Amino acid sequence: MTEASKLASLAIEAMSRAYAPYSGYKVGAALLCADGAVYQGCNIENGSYGATNCAERTAFFKAVYDGHREFTAIAVCGGKDGVISDVFPPCGICRQVMREFCADDFRVYLVGKDGVCTERTLSQILPDSFRPQTHMQK
Ligand code: THU
């Protein structure tokens with residue numbers, strides 16, 4: 001099994017944990033840490049819509065809480081009622097959370113229909129990004 005297919009199946013599994021009573025869109029993510037640990041995440045919606053947490057951030061926040069700070073790759077999938085009809089690319093806020101912890105070559109697998117993965121890097125999906133590590137130095 002390739003890295004992409006392993007993470008894709010874990011992201012698909014995570015999608016079933018989504019709490020999405022408002023949009024009906026279930027999203028799953030599987031985040032690979034540099035030491036090989038994998039964290040899964042799902043979207044968790046809220047009746048005050050802006051309080052919703054995306055699947056990617058759920059995975060990152062679980063991992064960071066557990067002490068992880070270095071990450072290699074993430075797979076993301078989603079769709080209405082958990083049916084994947086197309087790729088479900090990370091939103092802008094999740095991309096910026098990736099930027100906080102990940103290098104330019106962090107791999108993002110967009111899981112599409114039939115589990116087919118499109119591979120991107122963080123620098124491809126978030127070019128010219130704000131980097132706290134460099135832009136906030138004196
Ligand atoms: N969503 C994610 O979980 N990840 C993203 O990157 C984009 C959007 C969720 C939030 C909301 O629960 C649903 O998808 C529809 O916007």
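This tour moves from the ligand to a surface patch and then to the salt bridges.

The model is predicted, so local features need pLDDT of at least 70 and side-chain atom pairs count only at pLDDT 80 or more, while totals for chains, interfaces and linings use all residues. Residues are numbered from 1 along each chain as its sequence is written, and side-chain values use heavy atoms, with hydrogens and water left out.

**Ligand site**

Select the ligand together with its surroundings: Ser23, Val27, Asn43, Glu45, Thr52, Cys54, Ala55, Glu56, Phe88, Pro89, Pro90 and Cys91 (a residue is included if one of its heavy atoms lies within 4 Å of the ligand). By class, this shell holds seven nonpolar, three polar and two charged residues. Display next the distances from ligand oxygen atoms to polar side-chain atoms, which are 2.5 Å for Glu45 and 2.7 Å for Glu56. At Cys91, a polar backbone atom is 2.8 Å from an oxygen atom of the ligand. The protein buries 80% of the 370 Å² that the ligand exposes when taken alone (Shrake-Rupley method, 1.4 Å probe).

**Surface patch**

Select Tyr19, Tyr22, Ile44 and Tyr49, which make a nonpolar surface patch of about 470 Å² (patch residues have over 30% relative accessible area and no salt bridge, and nonpolar side chains are joined within 5 Å; like charges are joined within 9 Å). Ile44 belongs to the loop between strand 2 (38-42) and helix 2 (55-65) (DSSP runs, with at least four residues for helices and at least two for strands). Ile44 is partly exposed, at 39% relative accessibility (buried is under 20%, exposed over 50%, partly exposed in between; 1.4 Å probe, protein chains only).

**Strand 1**

Move to Ala30 in strand 1 (residues 25-33), a buried residue with a relative accessible area of 0%. Ile74 is 44 residues from Ala30 in sequence, yet their C-alpha atoms are 5.5 Å apart.

**Salt bridges**

How many salt bridges does a search of the whole structure find? There are three (a side-chain nitrogen of Lys or Arg within 4 Å of a carboxyl oxygen of Asp or Glu).

Select Glu3 and Arg107, whose closest N and O atoms are 2.7 Å apart. Glu3 lies in helix 1 (residues 3-15) and Arg107 in strand 4 (residues 107-111), so the pair ties together parts 104 residues apart in sequence.

Finish at Asp104, which forms salt bridges with Arg99 (3.2 Å, N to O) and with Arg131 (3.0 Å between the closest N and O atoms). These shared partners join Arg99, Asp104 and Arg131 into one network. Arg99 is buried at 3% relative accessible area, whereas Asp104 is partly exposed at 33% and Arg131 is partly exposed at 27%.

Conventions. A polar contact is a pair of N or O atoms within 3.5 Å; within protein, one must be able to donate a hydrogen and the other to accept it, and residues adjacent in sequence count only if both atoms are side-chain atoms. Ala, Val, Leu, Ile, Met, Phe, Trp, Tyr, Cys and Pro count as nonpolar, Asp, Glu, Lys and Arg as charged, and the others, Gly among them, as polar.
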